Amino acid sequence: MTTERPVLISVRQVTKTYKKNGREFHALRDCSFEVMKNEFLVIVGPTGCGKSTLLNLIAGLDFPSAGTILLNGEPVSGPGADRGVIFQEYALLPWRSVLKNVELGFEFRKSPMSRNEKEAEAMKYLDMVGLGYAVKKHPGELSGGMKRRASLAMILAIKPVILLMDGAFNALDSKTKMTMHQEITRIWETEKNTIVFVTSDLDEAVKLADRIVVLNREGSIEAVLRNELPRPRLGSASRDLDFHHRFIAFRETVMNVIKKDAGLRTCAIS
Amino acid sequence: MALVADRSFYVLGVILFMIVWQIAASLRLFGADFSEAFSPLAAILALIEMIKNGELIHHALPSLRRVLLGLSLAVVVALPIGVLVGYFKRVEQLTYVVFQFMRMISPLAWMPIAIIIFGVGDVSVVFLLWLVAIWPLILNTSHGAGRVSPLWVNMAKTMGAMDMGILRKVVIPAAVPDMLTGLRLAVGVSWIILVPAEMLGVPDGLGYFILDTRDRFRYDQLMATIMAIGMIGYLLDSANRWLIHKFSWKN
C-alpha cells in the first residue's frame, strides 16, 4: 500500500565526514533512500553508525559533505517548522510550565495569537498525548515518560509535516515505552504525519515501521526492508499466535541482515 | 523545631559578636581615650539618636539613590552586552581581554579622571558606582547566555525561530539566574565603593558622614554610621537573595 504514496523526502548519495583529532572519518557513506508521504520509516543500526547524523541532516541542523537531501523536490537549506525534531534528550525549557513549553512554537510565528488561542491550541495537543492533567507543572517535576509526552506535544503543536524522532523512547521503562508506542501510532494515523524514527531497539522498529532502513557500521545502507505485518500491531493484536509468529520471523529477518555486518559483538542491537 | 534552632544560632552569633566587642571596649583595647566611644553601647545609643533627629535618613537616602542610579545604568548597559558576548563567540573573543583587564582596575583609580571629566559632585560618584557594577553584570550575564544548552537552541530552530526569537525566548530567560547572581555581586561592590566615592566632595551621604563625624570628634556617631552601612548592605543583599530565590529556575 505504501507504493502508491508520493515521495516526500529523497536522500541522494549522501556522505557525511567529520574531522576528529585531525583524522577524517565517515559518519555516512553514499546513502540513498526515499521516504514516502505518511510513511513510518524506522532507521536501525549499531551505535555510532550515523543514524542521528542522518536525522540531523534531514532536520537541516547540519549539511551533507556530498550528495543532497530533497524535501518535496527542494534541497534542504536549513531547519524549518515543517520538520519537528524530537531529540534523544529532553529539550524542554526548565523555566516554563508544561503548557508554556507547548506554546513556545506559537511565539515564533509571524502572525501573533491571543493568549486564549495559544492556550486552547496547546491544550489540544497536551490532551492528545495524555498530559492534560499536568499542564501547570515544570519539567523538573515530571517523570521521564511525562517529559517525553510533553516534548511530543510541543513538537506536534507546530503541526510538522514530518516528525523526526531520535531515540525518542530510549530511556523509558518498558511499560511507558509500550504506551508511547500506542500513542505515537495513534497520532500518526490520525494526524497523517510522516515519521522518520531512529532506534537501536529491534522490537520497537518492527512494531512501528512501514519500512526499516538498516545502516551498517561503515555508515552505508545495508538493506531497506518492507514490514508486511498488518496493523494494528499493538495491544490485543500482538497476542494472536499467527501474528506473533510473523512478528518474530520478521524480526529474525532484520536481525540476519544486521548479522551480515561484521563485528556483531559490538553492535548495540537488542 | 530544627528551623527555630537554626534561626536562634544566627541571632546568637550577632549577640556573641556584640558581647566580645563590648568587652574589648570595656578593657580599653581601642586606646584609653577612644574605647568609650568605640563601644557598641555608645554606637547603638548614637544610632538611635541619629534615627530620631533624622540625620541617618538625611545621609542614607542620597547614598541609596546614588547606588540605585549607578546600578540601573549599569544594568541597562551590561545586560545587552553580556547577552551578545555570551551568545556570539566572536564578540566574546573580541572583548575578552579588554573586559578581564578592565574589571581588575579599582574604580577609585579612575577617581581623578572622573573629577576632571564630570567635576566634583554627584555625577562623578554615580559614574564610579556604574563603573564598578558593570563588570560582574556583564561577565555573569555572558556566562549564563554562553551555557545555554545547544539542544534548546536547535529545538527553537526546528520550530522556525530566527536569531532574535532564540535570543528573546531561549537565551535571555536561560541567563536570568546568572544575571541575578551578577546583580548580587554588583550591589555588593557598589555598596563597598560607595563610601570612598562619597568622600569626593559631595555634601551628603554615608561616606561623607563618616568624614564629618571624624572632624567633629563624634566617634560614637562614626561607629553608628559604620553599623548603619553594614545593616543597609545586609538588607540590600538579602533583597537580592530573595530575587534569586524567586526568579531562578532550577534544572
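Chain A is divided into domain 1 (1-82 + 165-176 + 189-270) and domain 2 (91-159). The model is predicted. The C-alpha centres of domain 1 of chain A and domain 2 of chain A lie 27 Å apart. Their contact draws six residues from domain 1 of chain A and four residues from domain 2 of chain A. On the domain 1 side, five of the touching residues are nonpolar and one is polar; no charged residue takes part.

Strand E8 (residues 194-198) of chain A was examined next. Five of its five residues are buried. Both faces of E8(A) are covered. One side carries Thr194(A), Val196(A) and Val198(A); the other carries Ile195(A) and Phe197(A). E8(A) pairs with two strands, described in turn. Strand E3 (residues 40-44) of chain A runs parallel to E8(A), with four bridges between them. Within this pairing, Leu41(A) has Val196(A) as its bridge partner. Strand E7 (residues 162-166) of chain A is also paired with E8(A) in the parallel sense, over five bridges. Here Leu164(A) stands opposite Val196(A). From E7(A) the chain passes through helix H5 (residues 174-191) of chain A to reach E8(A), a β-α-β crossover that is right-handed.

In soluble globular proteins, nonpolar side chains tend to be buried together. Leaving aside neighbours within four places in sequence, Leu129(B) is in contact with Arg66(B), Val67(B), Gly70(B), Ser190(B), Ile193(B), Leu194(B) and Ala197(B).

The contact between the chains takes 20 residues from chain A and 16 residues from chain B. On the chain B side, helix H8 (150-158) and helix H9 (163-197) each supply at least two residues. H8(B) gives the most, with six residues. By type, the side of chain B that touches chain A divides into eight nonpolar, five polar and three charged residues.

Key: Residues are numbered from 1 along each chain as its sequence is written. Chains are lettered from A and ligands numbered from 1 in the order in which they are written. This is a predicted model: local features need pLDDT of at least 70, side-chain atom pairs count only at pLDDT 80 or more; totals for chains, interfaces and linings use all residues. A residue is buried if 20 or more other C-beta atoms lie within 10 Å of its own, exposed if 12 or fewer, and partly exposed in between; C-beta atoms are placed from the backbone. Two strands pair if DSSP finds at least two bridges between them. A crossover is right-handed if, with the strands pointing away from the viewer, the path from the first strand over the helix to the second runs clockwise. Two residues are in contact if their C-beta atoms, placed from the backbone, lie within 7 Å. Ala, Val, Leu, Ile, Met, Phe, Trp, Tyr, Cys and Pro count as nonpolar, Asp, Glu, Lys and Arg as charged, and the others, Gly among them, as polar. Domain bounds come from an automatic or database domain assignment.
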